[in-house]
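I am keeping a notebook while I look through a structure, and I want to write down each thing I looked up in the order in which I came to it.

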Amino acid sequence: MNAKRFLICLIAAFVTISATDYLIHQVILVPDYMATMSLWRTEETMNEHMSWIFIGELIVALGMTMLWLRGFAERATMNCVFGFGLSTGMLLSAYAAMFYAVMPIPGLLCVKWALYGLLQTMLTSAVLYMLSRPKAA
């Protein structure tokens, strides 16, 4: 695996995941979070733990990038992009159901997490596809 290609894909995946996380959690789902404020850390405490969010996003970006470049990039089609994004999204979104089982979170919020997570991994997969396509001869 080409190190430069890997690094470019990793950075792009991380930026995509971070940007979509911001959009999902700081814009779209704000009303849901405000309605369930008693379940979450205070904003101050959440900010103190923000580095853990970035670590998690980096781990997801690293995993998706490694899987994509090792197993899919060389023979990728748009069907492959969709399948990879859907599969990785399903793996990550499974935690929404598990959180619902152990925390008093509204079921609709968990459904939103899962659906937005699927969209996020499909978008990240498309970014990886665009950056890793072999150059035309």
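This is a predicted model: local features need pLDDT of at least 70, side-chain atom pairs count only at pLDDT 80 or more; totals for chains, interfaces and linings use all residues.

Entry 1: I then asked which side chain meets that of aspartate 32 in a salt bridge. The partner is lysine 112, and the N to O distance is 2.9 Å. For lysine 112 I found a relative accessibility of 24%, so I wrote it down as partly exposed. I reminded myself that side chains of opposite charge can pair when their charged atoms come close.

**Entry 2: the search for salt bridges.** How many salt bridges does a search of the whole structure find? The search gives two, and I turned to the one between glutamate 74 and arginine 5, where the N to O distance is 3.0 Å. Arginine 5 sits in helix H1 (residues 3-28), while glutamate 74 lies in the loop between helix H4 (50-71) and helix H5 (78-102), so that distant parts of the chain, 69 residues apart, are linked by this pair.

**Entry 3: H4 against H5.** I next looked at how these helices pack, and I noted an angle of about 145 degrees with the axes 12 Å apart. The crossing is right-handed. On the H4 side, the contact is made by Val60, Met64, Leu67 and Trp68, and on the H5 side by Cys80, Val81, Phe84, Thr88 and Leu92. Sorted by class, this contact has eight nonpolar residues, one polar residue and no charged ones.

**Entry 4: the whole protein.** Stepping back, I recorded six helices and zero strands, and the C-alpha trace spans about 55 × 30 × 25 Å along its principal axes. Of the 137 residues, 34% count as buried. Among contacts between residues at least 6 apart in sequence, 82% join residues at least 24 apart. Finally, I noted that the protein exposes about 8,900 Å², of which carbon and sulfur atoms supply 71%.

Note on methods:
Residues are numbered from 1 along each chain as its sequence is written. Side-chain values use heavy atoms; hydrogens and water are left out. A salt bridge is a side-chain nitrogen of Lys or Arg within 4 Å of a carboxyl oxygen of Asp or Glu. Helices (H or I, at least four residues) and strands (E, at least two) are DSSP runs, numbered from the N terminus. Buried means under 20% relative accessible area, exposed over 50%, partly exposed in between (1.4 Å probe, protein chains only). Axes are lines fitted to C-alpha atoms, for helices over the stretch in contact, and angles run from 0 to 180 degrees between N-to-C directions. A crossing is left-handed if the near helix is turned anticlockwise from the far one by less than a right angle, and right-handed if clockwise. Contact means heavy atoms within 4.5 Å. Ala, Val, Leu, Ile, Met, Phe, Trp, Tyr, Cys and Pro count as nonpolar, Asp, Glu, Lys and Arg as charged, and the others, Gly among them, as polar. Accessible areas come from the Shrake-Rupley method with a 1.4 Å probe; for residues, only the protein chains shown count as cover.
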